[in-house]
Amino acid sequence: MFHDLSLLHTLPAAVLVTQEGAIRFANAASMALLEAPSTDSLIGRLSGDFVHPMDRVRSTNRIQQVAVPEQGGRPNKSSEFRIRTLQGNLRMVLISSVAVEWNGAPAVLMCGLDMTHQSEIEAQLRESEQNFRRLFENMQDVYYRTDAQGIVQHVGPGVRRVLGYEPHEIEGRTAESYYPQSTDRDAFKAAIMEHGEVSDFPGQMVRRDGTVIDISISSHALYDHAGNFAGVEGIYRDVTQRKNLERELQRLATTDMLTGMANRRAFLECAESVYAHSRSNGEPLTLLMLDLDHFKSINDRFGHLEGDRALVAFAQAVKNQLRASDTVGRLGGEEFGVLLPLTSMDEGLEVAKRILHGVRALQLSDEAGHAYGITASLGLSTFRQADRSLRDMLDRADQALYLAKNQGRDQIASLEPLGEQPNRQVAE
Ligand SMILES: Nc1nc2c(ncn2[C@@H]2O[C@H](COP(=O)(O)OP(=O)(O)OP(=O)(O)O)[C@@H](O)[C@H]2O)c(=O)[nH]1
């Protein structure tokens, strides 16, 4: 055996032959691997001396086992060992051994491949995998993937925090189950099918405990090799806090802080859409403009704070006479607007009278106990076919209010004929 040892020397794998543990032959690659300056520095030494102490027992056992008859002269399965070179460097070597005969006596031939570089790459891969895992586990967003039928194939661990479910409880179910409104899901589906992707798409989801949260989804469609829709992949995040903040900002921007009513901008915005709806449906619509009488004198007599309280009481007295479908807002100062949809002039007049009476009936007193009352003037206008816009109704109500003030206050006026006489004041 091994008549031509030069062949072994040319092998890129390290080859050692040992007898009773001592090295009898070392090829060029094994010298390079063990950083041996010459063959002599290896011959006669115990191969086990080069094995890391932690791996030594395993190494010895494996070498003994290759010689047992059951092994049948086959090499054992390769396994990794830590090897220390003559220079003291550590190497990771993949070694396989086989029982051979060397100079007529039993020997073991070991073949080793230097895996140090490989192991380093693996360690780096492991580390980057661990980093990725950590990132994935701690991600604020929930990663998800569904198939073409909307069944969740995979969902990230972030779902525990966001929805309160374990990933396995969600996987295998349709994503629809977590949408409180099917319209949300339908809108999302339509957008994905149309554009292939969506970014920051708004929606809502129900948590395990039943609470509804606002979410934002960024996803893209998946397609199979044939170009068929195969599902959706993306992330969603809990944006409830942000949405609450936005809602609060919206509320602040549209509400009059003193009375809690819609402010001028919000009132006019809402009135525009009510007007458009009434106009296109041919429905009656009545508008009231209200203004507190001699309000300046209340401020002057009782102070600004008491003036504020009177405004709040007035606003409440107005609201008390309205339906939920009516629109009311503070247009500024002590002037208010009320839009009454599906309300004819006569019906509107009845509401206006009730408001007038309600305001008169208010019994107010300042902090010192001085009692006082308030009255208001109301201007009324109704929708006319010839109107070009809401502005026309607003202008007529404004002029009517001016009329009511001029005619002595505490009354209702309109440019429309109220009762039998045109522009009649109504002060009941
Ligand atoms: N306390 C208080 N006063 C306000 C507020 N907004 C406006 N005003 C006061 O309301 C008063 C309105 O005065 P005027 O426009 O002269 O009207 P008026 O005194 O009500 O008289 P007529 O409307 O002609 O009956 C002013 O003195 C404003 O300072 C407010 O939010 N709080």
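Of the 16 residues around the ligand, those that come nearest are Asp293, Phe295, Lys296, Gly307 and Gly333; a residue is near a molecule if its C-beta atom, placed from the backbone, lies within 6 Å of it. Strand S11 (285-292), helix H10 (295-302) and helix H11 (304-319) are the elements that give two or more residues to this shell. This is a predicted model, in which local features need pLDDT of at least 70 and side-chain atom pairs count only at pLDDT 80 or more, while totals for chains, interfaces and linings use all residues. Residues are numbered from 1 along each chain as its sequence is written.

**Ligand shell**

- H11 supplies the largest share of the shell around the ligand, 4 residues. Helices (H or I, at least four residues) and strands (E, at least two) are DSSP runs, numbered from the N terminus.
- The shell residues divide into 7 charged, 5 polar and 4 nonpolar. Asp, Glu, Lys and Arg count as charged, Ala, Val, Leu, Ile, Met, Phe, Trp, Tyr, Cys and Pro as nonpolar, and the others, Gly among them, as polar.

**Helix H13**

- Helix H13 (residues 390-406) has 17 residues and should span 24 Å at 1.5 Å a residue, which agrees with the 24 Å between its end C-alpha atoms. The expected span is 1.5 Å times one less than the number of residues.
- Buried residues in H13 are Leu390, Met393, Leu394, Arg396, Ala397, Ala400, Leu401 and Ala404. They lie on the same side of H13, because they cover an arc of only 165° around the axis; the arc is that of the directions from the helix axis to the C-beta atoms.
- A residue is buried if 20 or more other C-beta atoms lie within 10 Å of its own, exposed if 12 or fewer, and partly exposed in between, with C-beta atoms placed from the backbone.
- Exposed residues Arg391 and Asn406 are carried on the face of H13 turned away from its buried side.
- Helix H9 (264-281), S11, strand S16 (376-382) and strand S17 (412-414) are what the buried residues of H13 pack against. Two residues are in contact if their C-beta atoms, placed from the backbone, lie within 7 Å.
- Gly408, with a positive phi near 120°, follows H13.

- Most residues other than glycine have a negative phi.
- Glu35 is not a glycine, yet has a positive phi of about 55°. Glu35 lies in the loop between helix H2 (28-34) and helix H3 (53-66), and counts as partly exposed because it has 14 C-beta neighbours inside 10 Å.
- Asp200, in strand S8 (residues 197-206), also has a positive phi, near 55°. Asp200 has 9 C-beta neighbours inside 10 Å and therefore counts as exposed.
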